[in-house]
Amino acid sequence: MEAVRKWRSDWRYPTTLLCIYGFFSAVKPLEPFLIPYLTGPDKNFTIEQVNQIVPVWTYSYLCVLVPVFLLTDWLRYKPVVVIQCVSLIITTAMLLWTKGVPAMQAMEFFYGVVTASDVAYFSYIYSVIDLKMYRKATSYCRSVQLLGYTVGSVLGQLLVSFNLLSYNNILVFTLVLTAIALLFSCLLPMPQQSMFFHRTQAGKTAVTEGTERHADETVRGEDENGDAGNGHEEKRVQSSCSRILLQLWRDFLQCYSSRQLLYWSVWWAMATCGYNQTVNYVQVLWEHVQPSQNFSIYNGGVEAASTLLSAATAYGIGFTEVKWELWGELALGAFSGLGAAALFLMTFVGNIWVCYLGYTVFKCLYMLLMTIAMYQIAADLSMERYALVFGANNFGALALQTILTFVVVDSGGLGLSIIPQFTIYASYFSVIAVVFALRGLFTIWRAQGSYKESDPPENNGSGSHEHIF
């Protein structure tokens with residue numbers, strides 16, 4: 001029993017449970033075949049009806065992101081992890097057993113809750129382990145979730161290719177896996193602290209401590225005047241909430257006062273918007289390019305290969321010795337341009353294999369640049385401020401994606417067919433490429449000019465190149 005208690009108090013215990021949850025919740029064998037399933041004999045939707053269903057995910061994700069972000073911290077992570085798993089079960093069950101556009105739109109709403117709750121999965125571990133173990137635990141959680149996505153894609157590919165299970169039976173199998181994930185989510189230890197609403201005294205910043213002292217003095221003054229019991233507690237809770245929200249706003253303004261962080265965050269929001277939009281509708285493009293059902297069986301293999309190559313690319317960038325603060329914006333522009341070229345090829349070549357290859361290249365480039373952006377943004381931020389910037393950037397991306405979805409896809413807007421849609425997405429990334437390439441060139445030119453002005457004549461020459469490069 002002593003050994004069991006010791007193991008449960010170790011950082012490996014919650015990390016192991018969270019990794020098991022992350023793996024089983026990420027295994028979704030039908031996901032690469034969602035559009036063929038919706039347009040096939042099981043659901044028999046038209047592409048126009050699919051375009052009425054899929055945008056609901058974007059709208060719901062935007063609506064619930066901020067409330068879920070705040071509730072995650074207020075409830076201390078674990079309840080939201082459980083809610084995420086329950087929402088995933090509801091999503092899968094509705095996809096399996098309900099019919100009609102309204103029912104599928106409701107299903108997309110619940111999936112918006114699932115994706116918005118990812119913040120709980122990635123934040124939970126920070127509240128239950130020591131600071132020195134953060135990097136290792138985060139690596140495990142991200143790697144296992146990536147493994148779950150890959151296993152799901154490969155498993156779906158095998159089940160469809162060899163006709164081992166029907167689409168409906170694959171969904172039943174997914175429900176079993178998600179039920180296992182739900183069990184392990186319930187076994188997670190309940191954190192005693194969180195980043196914002198339930199912080200330990202030692203972890204509070206000086207600004208927060210000052211604000212707390214002011215709030216405590218206010219409450220004590222009220223208590224001395226006879227306010228006690230429930231009224232006292234209610235005032236304290238209200239003061240705590242307003243204090244935290246005020247501190248979040250101050251941190252937000254402080255973070256984005258950095259011009260470099262602002263530029264990287266703008267790319268993050270714009271690129272994530274375009275990436276999510278591409279991933280959401282790429283299966284529709286594949287169906288348009290090659291409507292034969294025989295070719296849709298390769299979707300799972302492509303998703304698995306692109307995920308693994310993206311992970312390898314993101315991992316490899318950590319070993320490069322590049323001054324990203326100098327060359328990063330130019331890299332954002334150049335690689336975004338390559339991503340735009342891949343999208344143009346997918347759109348106009350009209351060959352399914354070119355589409356598959358272009359999608360793989362596009363996904364790898366996005367993951368590569370996102371890794372660089374996350375590193376650059378996180379370099380000088382505390383964990384609390386990084387979480388705030390992460391949430392704000394994703395909210396910006398979703399706001400842009402909502403506008404793009406409504407204008408381009410939704411029947412209330414232009415309601416474009418898939419080829420004009422992807423022409424716009426490719427052009428969108430072309431604009432990003434031009435803007436950041438020009439910004440990157442300006443940054444390099446300004447750095448060279450500043451160095452030449454400050455470099456004494458006797459040091460001119462190769463030394464300047466070492467400084468710049």
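Which residues does Thr278 touch, not counting residues up to four places away in sequence? In this predicted model, the residues in contact with Thr278 (heavy atoms within 4.5 Å) are Leu343, Phe362, Phe422 and Tyr425. Residues are numbered from 1 along each chain as its sequence is written. Because the model is predicted, local features need pLDDT of at least 70 and side-chain atom pairs count only at pLDDT 80 or more, while totals for chains, interfaces and linings use all residues; side-chain values use heavy atoms, with hydrogens and water left out.

Thr278 lies in helix α13; helices are DSSP runs of H or I with at least four residues, numbered from the N terminus. With a relative accessible area of 0%, Thr278 is buried, a term that denotes under 20% relative accessible area (1.4 Å probe, protein chains only). Phe422, one of the residues that Thr278 touches, is also in contact with Tyr281, Val282, Leu285, Leu343, Met346 and Thr347.

Phe422 and Trp267 have the most contacts inside the largest nonpolar core, which has 71 residues. A nonpolar core is a set of buried Ala, Val, Leu, Ile, Met, Phe, Trp, Tyr and Cys residues joined through side-chain atoms within 4.5 Å. Helix α13, spanning residues 259-289, supplies the largest share of this core, 13 residues.

Helix packing was examined for α5 (residues 55-74) and α17 (residues 383-409), whose axes come within 9 Å and cross at roughly 155°. Axes are lines fitted to C-alpha atoms over the stretch in contact, and angles run from 0 to 180 degrees between N-to-C directions. The two helices are therefore roughly antiparallel to each other, the term for angles over 145 degrees. The contact includes Trp57, Tyr61 and Phe69 of α5, and Phe395, Leu398 and Phe406 of α17. By class, the residues of this contact comprise 15 nonpolar, six polar and no charged; Ala, Val, Leu, Ile, Met, Phe, Trp, Tyr, Cys and Pro count as nonpolar, Asp, Glu, Lys and Arg as charged, and the others, Gly among them, as polar.

Pro55 belongs to helix α5 and counts as buried, at 1% relative accessibility. Leaving aside neighbours within four places in sequence, Pro55 is in contact with Val50, Tyr281, Thr405, Val409 and Asp410. Pro55 and Tyr281 are 226 residues apart in sequence, with a C-alpha to C-alpha separation of 10.0 Å in space. Tyr281 in turn is one of the residues touched by Phe422.

Methods
Buried means under 20% relative accessible area, exposed over 50%, partly exposed in between (1.4 Å probe, protein chains only). Angles under 35 degrees count as roughly parallel, over 145 as roughly antiparallel, 65 to 115 as roughly perpendicular and the rest as oblique.
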